[in-house]
Amino acid sequence: MIVLGIETSCDECSAAVVRDGHDILSNVIATQIELHKPYQGVVPELASRLHTEWIQQVVEAAIRQAGIEKTDLDAVAVTSRPGLLGSLLVGVSFAKCYATALGIPFIGIDHIRAHLYASQIENPLEYPYLGVLVSGGHTVICRVDDYDKIDVLGTTIDDAIGEAFDKVAKFYDLGFPGGVVIDRLSQKGDPTAYLFPGPSLDGDEHRYDMSYSGLKTAVINQREHFRKDGAEESPENIAASFQRQAVGILMKPVRLALKDTGLRRVSAGGGVAANSLLRKELKDLEKSGYTVTFPSLKLCTDNGAMVAGLGYRYLKDGITSDSYLSASARVTAFKKN
Ligand code: KG4
Ligand code: ZN
């Protein structure tokens with residue numbers, strides 16, 4: 001079965017063609033980074049306008065690069081939630097029309113589930129496993145029993161991890177997108193230069209939860225100390241020290257959840273799963289006998305292949321969406337029970 005996946009939830013306009021859920025025939029990602037760079041953040045109205053301009057060309061390029069005809073498609077999967085509403089609507093409206101014109105099913109996909117599923121496309125991992133979903137909008141630790149059976153164990157109680165990377169980079173004028181820049185600068189910095197605080201979340205209900213706003217504020221306040229002390233600011237050391245603590249805050253509940261649940265497999269997904277320190281720390285769990293997988297770098301950040309991959313799983317189980325399905329900015333899944 002051949003599925004076209006469309007992703008327009010934020011600032012990447014992407015379309016991919018995936019055969020049988022694992023064979024990526026094409027994965028075209030048109031990034032809007034240059035457009036949003038001057039604002040050091042994604043401007044929603046600009047994002048949706050560009051999706052409107054690009055979507056048809058991106059889909060046509062994905063079909064061309066896959067070496068198929070559009071009539072070879074068996075279904076169209078599209079991210080329908082959560083995300084920027086205007087951006088989501090471009091993808092959803094296009095996908096519905098495209099599927100209807102071709103007389104094939106259309107499947108609305110939850111973006112967060114797609115991130116979590118991404119590693120399954122390239123490195124299938126046996127269920128159940130501990131899922132670690134880290135992106136610009138979400139930070140979730142969950143038990144994954146099947147592609148659509150996910151129990152949330154812990155989440156951030158304030159900022160998402162990627163948001164913290166982006167805000168620190170913006171405050172220090174390091175560049176955009178923040179996570180990528182901080183990861184790169186950290187390679188040349190001393191991670192022990194500054195000891196930024198981690199959260200202390202009391203209560204059993206927060207056992208696997210995380211918090212990033214305190215870390216973000218501490219890193220931002222550090223600039224005031226530099227100014228008062230007349231000390232020279234090292235972006236590399238700031239980046240490395242922040243990154244070390246950001247990853248540390250996540251790894252603590254990951255280790256705890258593994259111990260408590262007895263799960264022996266771990267898989268990560270989302271833009272921050274591209275982070276080199278996080279990948280190393282997760283990979284290090286293999287020394288303790290765990291099996292660890294994550295998507296290749298291209299499948300960590302937003303892409304159409306993860307949407308097509310998950311769409312295939314739904315299609316195989318006979319689950320499709322009706323034509324009334326619309327885009328929704330809100331997170332409907334991924335709340336703690
Ligand atoms: O999954 P994604 O592309 O979009 C969302 O669904 O949010 O994730 C984007 C986030 C941004 O916050 C970006 O700064 C972060 O992923 N990111 C990284 C890295 N690459 C992207 N964070 C840390 N290290 C990276 N190498
Ligand atoms: Zn995403």
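Helices (H or I, at least four residues) and strands (E, at least two) are DSSP runs, numbered from the N terminus. The model is a predicted one, in which local features need pLDDT of at least 70 and side-chain atom pairs count only at pLDDT 80 or more, while totals for chains, interfaces and linings use all residues. Residues are numbered from 1 along each chain as its sequence is written, chains are lettered from A and ligands numbered from 1 in the order in which they are written, and side-chain values use heavy atoms, with hydrogens and water left out.

Helix H8 (residues 235-261) contains phenylalanine 242, which counts as buried because its relative accessibility is 0%; here buried means under 20% relative accessible area, exposed over 50%, and partly exposed in between (1.4 Å probe, protein chains only). Leaving aside residues up to four places away in sequence, phenylalanine 242 touches Ala164, Phe165, Val168, Ile182, Phe196, Leu215 and Val219, where contact means heavy atoms within 4.5 Å.

An automatic or database domain assignment supplies the domain bounds, and the chain is divided into domain 1 (2-115 + 300-316) and domain 2 (127-293). Taken over C-alpha atoms, the centres of domain 1 and domain 2 are separated by 27 Å, and 16 residues of domain 1 are in contact with 18 residues of domain 2.

The zinc ion (ligand 2) is coordinated at 2.0 to 2.1 Å by His111 (NE2), His115 (NE2) and Asp302 (OD), donors being N, O and S atoms within 2.8 Å of the metal (3.2 Å for Na, K and Ca), with water not among the atoms, so that sites may look incomplete. Histidine 115 in helix H4 (residues 111-122) and aspartate 302 in the loop between helix H10 (297-300) and helix H11 (304-316) are 187 residues apart, and the pair links distant parts of the chain. Both histidine 115 and aspartate 302 are buried.

A search of the whole structure finds 15 salt bridges, each defined as a side-chain nitrogen of Lys or Arg within 4 Å of a carboxyl oxygen of Asp or Glu. One of them joins lysine 280 to aspartate 284 (3.0 Å, N to O), two residues that both lie in helix H9 (residues 276-284), four residues apart, about one turn of the helix.
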